[in-house]
Amino acid sequence: MRRVLTIKSIFYKGSPFALRFMVLVVLSVALMVVDANTSWLRSLRSAAGIVMTPVYWAGDLPVRFYVDLTQILGSRTEIITENEKLRAEALQMQRQLQKLALLTEQNLRLRELLNSSGQLEEQVVVAELLGVDPAPQAQRLLINRGERHGVYVGQPVLDARGVMGQVVEVMPFSARVLLITDATHSLPVQVHRNGLRTLVNGTGHPDQMELRYVTDIADIKEGDLLVTSGMGQRFPAGYPVATVTEIKRATGQPFANVRAVPVAALNRSRYFLLVFSEDRIPEQEQAPLELPDEPVVDEEEAQVHEQD
Amino acid sequence: MSRTSPGAILLVLVSLAVSLVLAVAPIPEILGNARPLWLALVLAYWAFVLPGGFSLVLAWLCGLVLDVLYGSVFGLNALFCLFVVVAVLQFRQRLRMFPYWQQSVFFLVVFVVGQFVLFWPGWLAGEQARLLDRMLPALVSALLWPWVYTLLQLIGRLSPGSAAR
């Protein structure tokens with residue numbers, strides 16, 4: 001007859017491990033409390049994070065091997081057609097870029113005319129996926145750019161299509177990114193069509209996000225595109241975030257139940273863009289957010305008048 | 001196998017390193033939530049073989065490494081590994097005599113309780129996940145236990161300098 005595992009049976013008198021166990025448990029709990037509430041251990045974790053790169057790299061080997069193998073064995077015709085398709089896409093994108101340059105110039109001139117303050121140039125760094133956070137409910141990724149590359153905590157991360165998330169932890173050569181679909185992430189957005197500002201939260205599910213604070217009478221429709229609003233000073237404004245998929249309005253409820261699907265290919269992207277905004281200094285723990293008196297000005301904007 | 005032979009130490013380190021790599025390696029999406037708790041399985045095996053006090057400290061340290069890898073609160077996985085190892089230590093003698101399937105049931109109970117310890121911070125943060133999704137790793141790991149046990153035993157016996165245990 002097997003004995004039931006009771007608390008008492010773990011600590012019956014004479015158990016030689018009891019003391020050591022208790023000490024280690026207390027130590028673990030203390031660490032958890034300290035890590036959750038203070039940042040004393042951050043630098044320790046950051047340094048220990050150097051172990052992550054080799055482990056994740058080793059874990060990724062079979063996938064990389066398989067991908068390389070399929071490439072090596074892929075038929076020549078397949079590769080040629082793919083090549084042509086990519087060339088066509090590149091051509092399209094270059095054309096759009098030219099148009100964008102024109103539009104930016106026009107935008108600058110119009111702003112000058114209106115005497116508004118200059119736009120800040122955003123610099124971008126490309127990073128590659130190092131690994132995915134193994135816990136399926138935690139929507140987080142590891143990327144292969146870290147402190148040595150200037151990555152800072154709170155830095156926005158995008159993919160080719162839209163917003164992915166933000167950096168939450170920085171190690172010397174890698175960083176951890178919290179995706180917008182994580183249950184603890186909340187992103188200020190606005191509806192592209194009419195500028196209605198709201199928040200979109202993750203649910204822990206990779207394909208579903210929710211807008212919790214939309215009133216019954218708000219002007220929002222299924223199919224609306226949500227873009228970053230720039231509120232909160234963290235994500236630059238105007239980047240696509242999600243599309244509204246479902247709106248349920250129940251009379252008597254203060255808020256409608258709105259669901260959205262992220263625009264970025266959160267599960268499939270391997271390459272990401274890290275956006276550096278020039279007026280942001282790398283995150284310092286206790287310093288309050290300092291808004292500069294004069295934004296750092298690019299050469300092109302030397303003629304811009306500035307309003308406070 | 002002699003406990004302090006260099007072969008033994010190497011085997012411990014290698015098996016733990018492999019379990020850590022498996023713990024973060026990407027798995028196909030169909031398997032999704034069913035990632036076995038490799039580190040816990042390997043630590044449980046060593047808890048059978050190695051002196052108790054040492055197993056506890058080893059479990060604690062490896063748990064901390066797993067915390068760094070997973071980005072979870074420092075000490076969370078350490079607590080989980082401690083729990084698994086202490087459960088094995090308490091029942092070491094009896095467990096050895098159980099048939100494999102009964103050992104699996106034992107580990108199923110241990111892992112399920114351990115998973116609750118692991119997941120309450122996520123639950124507090126408002127993550128939505130079905131109970132089955134959360135318990136699947138425990139189930140899969142319990143089923144894998146006999147294989148892990150025999151594999152590590154086999155390697156232990158085959159490594160140079162080992163005497164029949």
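How many salt bridges are counted between chain A and chain B? The count is 0, where a salt bridge would be a side-chain nitrogen of Lys or Arg within 4 Å of a carboxyl oxygen of Asp or Glu.

This is a predicted model, in which local features need pLDDT of at least 70 and side-chain atom pairs count only at pLDDT 80 or more, while totals for chains, interfaces and linings use all residues. Residues are numbered from 1 along each chain as its sequence is written, chains are lettered from A and ligands numbered from 1 in the order in which they are written, and side-chain values use heavy atoms, with hydrogens and water left out.

Between the two chains, 44 residues of chain A are in contact with 44 residues of chain B, contact meaning heavy atoms within 4.5 Å. About 3,900 Å² is buried between chain A and chain B, with carbon and sulfur atoms giving 69% of that area; buried area is the accessible area (1.4 Å probe) that two parts lose on being put together, summed over both. On the side of chain A that touches chain B, α1 (7-10), α2 (18-37), α3 (42-48) and α4 of chain A each supply at least two residues, and α2(A) gives the most, with 11 residues. Helices here are DSSP runs of H or I with at least four residues, and strands are runs of E with at least two, numbered from the N terminus.

Turning to the strands of chain A, 6 of them close into a barrel in the order β1-β2-β5-β4-β3-β12, with antiparallel pairing, two strands being paired if DSSP finds at least two bridges between them. From one strand to the next the twist averages 45°, with axes taken as lines fitted to C-alpha atoms, for helices over the stretch in contact, and angles running from 0 to 180 degrees between N-to-C directions. Strand β1 (residues 122-132) of chain A is joined to the antiparallel strand β12 (residues 271-277) of chain A by 7 bridges, and A:E122 stands opposite A:S277 in β12(A). Helix α4 (residues 52-73) of chain A packs on the sheet, where it touches β1, β2 (140-143) and β5 (175-179) of chain A, and its direction makes about 65° with that of β1(A).

Further pairing involves strand β9 (residues 225-228) of chain A, which pairs with strand β6 (residues 186-191) of chain A in the antiparallel sense over 3 bridges; A:L226 in β9(A) is the bridge partner of A:V191. β9(A) also pairs with strand β10 (residues 240-248) of chain A, again antiparallel and over 3 bridges, and here A:P240 in β10(A) is the bridge partner of A:V227.
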